[in-house]
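Hello,

Here is the structure I promised to pass on.

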Amino acid sequence: MVMRLHTRKLDNGLTLQVVEMPGTNVVTALILAGAGSRYEDLSNAGIAHFLEHMFFKGGEKYKTPKEVSEAIDEVGGEFNAFTAKEVAGYYVKASKEHQKTALSVLSDMLLNARFPEEEIEKERGVILEEMAMYLDMPIYQVAWDFERVLFGDQPLGRDEIGTREVITSVKREDFLSFRNGLYVPENIVITLAGAVTQKDLDELERYFHFNDTTQTKHEPPFDHELATEKYAIREKQTEQYHINFGVRAVPRGDERFPTLKVLATILGGNMSSRMFQTIREEKGLCYSIHTQAEGFTDTGLLTTRAGVRLDQVLPAARAIREEYNRIAKDGISTAELKKARSYINGKLDLKTEDTEEVALHFAQKRLLDKEDGSFEQLKESVAAVTTEDVHMLAKELLKPEHYHFAGIGPRIDEEKLREILS
């Protein structure tokens, strides 16, 4: 698909984007703010996620949560939000004829949210139930535990849901302070993707007019030395043991990040990958196994996640380690490289058909990477990766001293686990 990106940066620092996607009658309107959980500290851990919820509680035009949701439900749109480590996002996906409704709702949320005291009190219980849900879903909790091991006691090492203490005590003025410090024009990108043209930049500008242009964004610190533990184990009676095994890796802006994506794909990105074929198909040690790479602005990670039989935890961990060691020692074949590059670029092509994915891609590129990289440029960077690139990065990252582990399930032999990680 041939896309056209149009960008306008306003005098107050707000970036507006319109991405033309021929052949669709759908639009996604997305607000992306650099206001994720890594901008917290221990005293307010969880406020970024809690604040995301509170933006839905009513503003000036849509005064109640019901009015906010009904406005989008009435036009058959999709309406949601998310909080990640570095960003928080709010989006509506709807047909072109309802674009004004989407922008009206999102702009009222962003610019006029009131954060009523009574809604804050009700939402505390909602978020505590969300926390309980994740605690009952080991596949999510183990990933957060792994990040804590990998990054240590700092915002990147804490989960986005926060702490019970903060959830039960945070006050309206805390929300206002966090919002006023990070939801500022310079720290926000608003993107409209789909059945749009360059003229829609004018409509975006009309809807998103900030009265206060104070710039108070701050950069979060990151200390590489805070990760001091090799593993974390959460004992829990489960029917399956959940494993995360991996290493710290390069950041999203590193020129080797496409190589990291290729490495992760060859290791465990799909059903024909090394992990799936060896650990599931040949050894029968697990049901699910997947390796993925994730990049932040100043660091990254590569992790293999698996759900294994309760009596096969250590053999599975050892098998994952062996695959890491093997690729670091011997590298990859030309056939593996060709297949991985084709797989990644095929997935990118699928994303170009989805207005939501397109809006998120261009918003993240602008907000986090300070550039307007296209899908074609991404594909070219993947196509340029060589077997030697992958081997060199694997040798650098996949060393025993870099290995970390997180697990959830019944008790395992920690002494044997330490041997596997050493």
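Predicted model: local features only at pLDDT ≥ 70, side-chain atom pairs only at ≥ 80, totals over all residues.

Residues are numbered from 1 along each chain as its sequence is written, and side-chain values use heavy atoms, with hydrogens and water left out.

The sheet is open and mixed, with 6 strands in the order β1-β2-β6-β3-β5-β4. Helices (H or I, at least four residues) and strands (E, at least two) are DSSP runs numbered from the N terminus, and two strands pair if DSSP finds at least two bridges between them. At the edges are β1 (4-9) and β4 (78-83), each pairing on one side only. On average, neighbouring strands are turned by 15 degrees against each other, direction ignored; axes here are lines fitted to C-alpha atoms, for helices over the stretch in contact, and angles run from 0 to 180 degrees between N-to-C directions.

Helix α1 (residues 47-54) touches β4 and β5, at about 160 degrees to the direction of β4; contact means heavy atoms within 4.5 Å. Helix α8 (residues 200-207) lies across β1, β2 (15-20) and β6 (188-194), at about 145 degrees to β2.

Helix α1 also packs against α4 (residues 117-135), at about 120 degrees and with the axes 10 Å apart. That makes the pair oblique (under 35 degrees is roughly parallel, over 145 roughly antiparallel, 65 to 115 roughly perpendicular, and the rest oblique). From α1, His-49, Phe-50, His-53 and Met-54 take part, meeting α4 residues that include Glu-119, Ile-120 and Arg-124.

Finally, which loop holds Arg-158? Arg-158 is in the one between α5 (138-151) and α6 (164-169). Arg-158 counts as buried because its relative accessibility is 19% (buried is under 20% relative accessible area, exposed over 50%, partly exposed in between, with a 1.4 Å probe and protein chains only). Beyond its neighbours within four places in sequence, Arg-158 contacts Asp-41, Leu-42, Lys-85 and Asp-153.

Best wishes
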